[in-house]
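Keep the sequence and the 3D view open while you read.

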Amino acid sequence: MPYRLLRFGLSRKHPEPRMFTRHDSLKAGYDVVIIGAGGHGLAAAYYLARDHGIRNVAVLEKGYLGGGNTGRNTTIVRSNYLYPESARLYDFSLQLYEGLSRALNFNIMLSQRGLVMLAHSRHDLDAMSRWANAMRMNGIAAELLTREQVGALAPALDLSPRTRLPVLGGFTQRRAGTARHDAVAWGYARAASALGVDIIQNCEVTGFIQENGRVAGVNTNRGRIRAERVGIAAAGHSSVLAKLAGFRLPVTSYALQAMVSEPIKPILDTVILSPGTGAYVSQSDKGEIVMGAMLDLFPSYAQRGSFAVKQAVIAATLALFPAFSRLNLMRQWAGIVDVVHDSSPILGPTPIANLYINCGWGTGGFKAIPVGGWTLAHVLATGRSHPLAEPFQLERFISGRLIDEAAASGIAH
Ligand SMILES: Cc1cc2nc3c(=O)[nH]c(=O)nc-3n(C[C@H](O)[C@H](O)[C@H](O)COP(=O)(O)OP(=O)(O)OC[C@H]3O[C@@H](n4cnc5c(N)ncnc54)[C@H](O)[C@@H]3O)c2cc1C
């Protein structure tokens, strides 16, 4: 490897290394078709090919690879959930992230710089000690922090008691952090493609072929494609696809927005979340201050985001980090996220035989890409939900066994 790198560096021709070694063309039929080339769809294709030996697979994407929420998020990875089912799911995902650069032979720039949740009131402190203790009981390390300890981790924070958002303390998960979102999508895509998966961009699924109550393929803007099994991993458009297949999902689609400042020298080497305000802040490897917002609380398919939410997030960020008021804002954008009433994902079978779904990650599915792909691949290959995904099946809305992370941990992202 070092020799190849040296030869590449010294070569006068500088041959560009190719991302993909194959040119994909659409076939008339596949063993498995996956709808959506975001992280979850691409990871599922990769694990199907690598772990289940199913390589006659197509991932169909109406836009471009990673152009949905996977390429729009604020890149935070963590596993600080409250219920054991969620802790198992998200921590397995973080473990997969920890080995992903090596598994894909592609640097996903995982940076376990830790994450600090801020408590702004006595009530926040009580809720966070319950939360951190629940994590420990689930085997996930978490530490409660005093105000001074928070200050040591993020010296740029305003810790004066007279600020609009006083910091009384908080807690940290040190294994949390960030990963490069495009690299995750492209790394999975490259590895899946090398195993024989077709990744077809500009191919929109417009309907489902159903025979004898089973799904038998999809209709697309490029024609009919037959498939033994079909997986939906379409995030904010999941309920649109469910409607095309003839069933309903308890999912509402909202815009979620984020923004970045101009790049500056390193000032913040952890991720700061202020659940009370919905604002969260980190610094990218390029030096930009990355700011995330709470949901625009009205359903929408417009990838914009409202001004009121933007204003609230910037105001909260500047109250926490007054020095950032001198920065120029460079870019703002939004994605359409699929929010379930209990803030937990929907994984596994649908009411249509041979049609499976992975959706409902809402504001927090980037961290779950490895496990989302892993469990979708399992159900597509075997027809049975993976044990990690079992509690998250659509069926929980009939049994009433909801996993209400929104009410429990107050997690927004
Ligand atoms: C601003 C923002 C910040 C976020 N921050 C974080 C964060 O810090 N940490 C975190 O864990 N999560 C975060 N998230 C959430 C996270 O990005 C998503 O949950 C995750 O990326 C979902 O991945 P996916 O593969 O399911 O969906 P996507 O990446 O959205 O992929 C779905 C794909 O399906 C395609 N598609 C839809 N309909 C069709 C069709 N009919 N035919 C073919 N293709 C179709 C879409 O074009 C899209 O490319 C954030 C999201 C946003 C918007």
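**Ground rules**

This is a predicted model: local features need pLDDT of at least 70, side-chain atom pairs count only at pLDDT 80 or more, and totals for chains, interfaces and linings use all residues. Residues are numbered from 1 along each chain as its sequence is written, and side-chain values use heavy atoms, with hydrogens and water left out.

Helices (H or I, at least four residues) and strands (E, at least two) are DSSP runs, numbered from the N terminus. Helix 2 covers residues 39-51. Its 13 residues reach 17 Å from first C-alpha to last, close to the 18 Å expected at 1.5 Å a residue. The expected span is 1.5 Å times one less than the number of residues.

Helix 2 is largely enclosed by the rest of the structure, because 11 of its 13 residues are buried. Buried means under 20% relative accessible area, exposed over 50%, and partly exposed in between (1.4 Å probe, protein chains only). The buried residues of helix 2 include Gly39, His40, Leu42, Tyr46, Tyr47 and Leu48. Glycine 53 follows helix 2, and its phi is positive, near 65 degrees.

Helix 10 has 14 residues, which should span 20 Å at 1.5 Å a residue. Its end C-alpha atoms are 20 Å apart, so the model agrees. Helix 10 is mostly covered, with 11 of its 14 residues buried. Among them are Ile369, Pro370, Val371, Thr375, Leu376, His378 and Val379. After helix 10 comes glycine 383, with a positive phi near 80 degrees.

**The second largest cavity**

How many cavities of 30 Å³ or more does the structure hold? There are two. On a 1 Å grid over the protein atoms alone, a cavity is a set of points where a 1.4 Å probe fits but cannot get out; lining residues have an atom within 4 Å of a point. Grid points are joined across faces, edges and corners, and a volume is the space filled by probe spheres set on the points.

The second largest cavity holds about 40 Å³ of space. Its lining is Leu347, Gly348, Ile357, Asn358, Thr375, Leu376, Val379, Ser385, His386 and Ala389. Strand 17 (346-349), strand 18 (355-359) and helix 10 (369-382) each give two or more of these residues. Helix 10 supplies the largest share, three residues.

**Around the ligand**

The ligand is surrounded by 37 residues. A residue counts as near if one of its heavy atoms lies within 4 Å. The closest are Glu61, Asn69, Thr70, Thr74 and Lys367.

| Residue (backbone atom) | Ligand atom | Distance |
|---|---|---|
| Valine 205 | nitrogen | 3.0 Å |
| Threonine 363 | nitrogen | 3.1 Å |
| Phenylalanine 366 | oxygen | 3.0 Å |

Aspartate 198 lies in strand 8 (residues 198-200). Aspartate 198 is buried, at 4% relative accessible area. Its side chain makes a polar contact of 2.7 Å with that of tyrosine 30.

Threonine 317 sits in helix 9 (residues 307-320). Threonine 317 is buried, with a relative accessible area of 0%. Its C-alpha is 10.0 Å from that of alanine 293, 24 residues apart along the chain.

Glutamate 85 belongs to helix 3 (residues 84-98). At 24% relative accessible area, glutamate 85 is partly exposed. Glutamate 85 and proline 391 are 306 residues apart in sequence, yet their C-alpha atoms are 7.0 Å apart.

Asparagine 105 has a positive phi, near 55 degrees. It lies in the loop between helix 4 (100-104) and strand 4 (115-119). Is asparagine 105 buried or exposed? At 59% relative accessibility, asparagine 105 is exposed. Asparagine 354 also has a positive phi, near 70 degrees. Its loop runs between strand 17 and strand 18. Asparagine 354 counts as buried, at 15% relative accessibility.

Notes. 1 Å grid on protein atoms, 1.4 Å probe; cavity = no way out; pocket = protein on both sides within 12 Å on 5 of 7 lines; lining within 4 Å. Polar contact = N/O pair within 3.5 Å; in protein donor to acceptor, adjacent residues only side chain to side chain.
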